[in-house]
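Let's walk through some side-chain contacts together, one question at a time. Have the structure open and follow along.

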Amino acid sequence: MNGLHHAFALPDVCDALDLGLMMVGQNLEIVFWNRWLINRTRIDRADAIGRKLDTVFDEPVAPALVAGVRQALNYGLPVLLSNALHRAPLPIYRGHELETPNRIDQSIVISPILNEASRRCCMIQILDASRSIKRENILRAYSTKLRYEAITDSLTGIANRRSFDEHGEIMLAAAKKRKTPISVFMIDVDFFKQYNDHYGHSAGDATLKIVADALNSQVLRSTDLVARYGGEEFVVLMMGLDREQSANIAERMRATVLQCGLPHAHSRAAEHVTISIGACCVVPDGDTGVKHLMKCADDALYQAKRDGRNRIVFGEQ
């Protein structure tokens, strides 16, 4: 072990590290500068030793780093500069041969230690955080994609039933708090089974996309929601509309779908694709739940179908 101990010089070990390592004294003067820093700053060790931390670079050093070093020197406590708050405190680059080198994202640990004279100095470790940040960004993007897919209908691109369930509870709570009306529209494409049987499922899928776009075009506020509830059923959720305003919105949705002019040879409601709408508009009280609103709208939709379809019926409270 003794032979192994004497086989390595500490500066050589520090030069072999895959991280930046510098030591600074009480006046911020640099007393050690490892090879990792030489390669990424183009500042030789001889040019760095004795220079002040805040003046050794051609560019400014982040004030947070200087403050962290002073704090470690004064109080003897380690300091961590996380990349989340301090992306690149030091002007350290990779790709110096490039016309525009890339500044390295850094995580920095500042550790107070005592030198041979029992005077406090600081060891500053600089880790290249670029890879971990890239990995985090990939994971974040993947998580966002999964979240989007979880709440989006893959066929039509609008919200799905899960999204409606989540959004519905939030909107209902907001309506109760504000004592404002909430409107639910249950929408069904008329005679859609017959449409699929006659034109084929590919044509049926294309029609559902067109209907979804038509409904979405009439719901303009960011707080409103259009969702595919399942099969040929859609649901629209809106807040702050009275019954007359809700009726106007419902009629616009019905008319917009009809105006798409999609032929439907086997509809008994019209020559083109139409929708039936069951609506419920209520100022919710403490006992009102999303299921109550959905039942009211669904009962109204059933009545619209019984009355001949291609129409709007409001549920009674």
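Q: Is Y195 buried or exposed, and at what relative accessibility?
A: Keep in mind that this is a predicted model. Buried means under 20% relative accessible area. Y195 counts as buried, because its relative accessibility is 7%.

Q: Which kind of aromatic pair do F192 and Y195 form?
A: The two residues are three apart in helix α8 (residues 192–199), so about one helical turn separates F192 and Y195. Their ring centres are 6.1 Å apart, with 10° between the planes. Planes under 30 degrees apart count as stacked, so the pair of F192 and Y195 is stacked.

Q: How many aromatic pairs does a search of the whole structure find?
A: One of them is formed by F164 and Y229, an edge-to-face pair at 5.8 Å centre to centre with 85° between the planes. A search of the whole structure gives a total of four.

Q: How many residues apart are F164 and Y229, the partners of an aromatic pair?
A: F164 is buried, with a relative accessible area of 2%, and Y229 is buried at 16%. F164 belongs to helix α7 (residues 161–178) and Y229 to strand β9 (residues 225–230). The pair links distant parts of the chain, 65 residues apart.

Q: Which residue lies over the face of F191?
A: Here an arginine sits over a ring, 4.2 Å from the ring centre of F191. The residue is R309.

Q: How many residues apart are D15 and R45?
A: The side chains of D15 and R45 meet in a salt bridge at 2.5 Å, N to O. D15 is in helix α2 (residues 10–16) and R45 in helix α4 (residues 45–48). D15 is buried at 15% relative accessibility, while R45 is partly exposed at 25%. This pair links distant parts of the chain, 30 residues apart.

Q: Which strand holds R103, the salt-bridge partner of E59?
A: The side chains of E59 and R103 meet at 3.5 Å, N to O. E59 lies in the loop between α4 and α5 (63–75), so the pair ties together parts that are 44 residues apart in sequence. E59 is partly exposed at 33%, and R103 is partly exposed at 31%. The strand that holds R103 is β5 (residues 102–103).

Q: How many salt bridges does the structure hold?
A: Side chains of opposite charge can pair when their charged atoms come close. Among the bridges here is the one between D15 and R45. The structure holds 13.

Q: How many disulfides does a search of the whole structure find?
A: The sulfur of C14 has its closest cysteine sulfur in C121, 12 Å away, which is too far for a bond. The sulfur of C121 has its closest cysteine sulfur in C122, and 7.0 Å is too far as well. The search of the whole structure finds zero.

Note on methods. Residues numbered from 1 in each chain as written. Predicted model: local features only at pLDDT ≥ 70, side-chain atom pairs only at ≥ 80, totals over all residues. Heavy atoms only, no water. Disulfide = S-S within 2.5 Å. Salt bridge = Lys/Arg side-chain N within 4 Å of Asp/Glu carboxyl O. Helix = DSSP H or I, 4+ residues; strand = E, 2+ residues; numbered from the N terminus. Buried < 20%, exposed > 50% of the residue type's maximum accessible area, 1.4 Å probe, protein only. Phe/Tyr/Trp six-rings, centres within 6.5 Å; stacked < 30°, edge-to-face > 60°. Lys NZ or Arg CZ within 6 Å of the ring centre and 35° of its normal.
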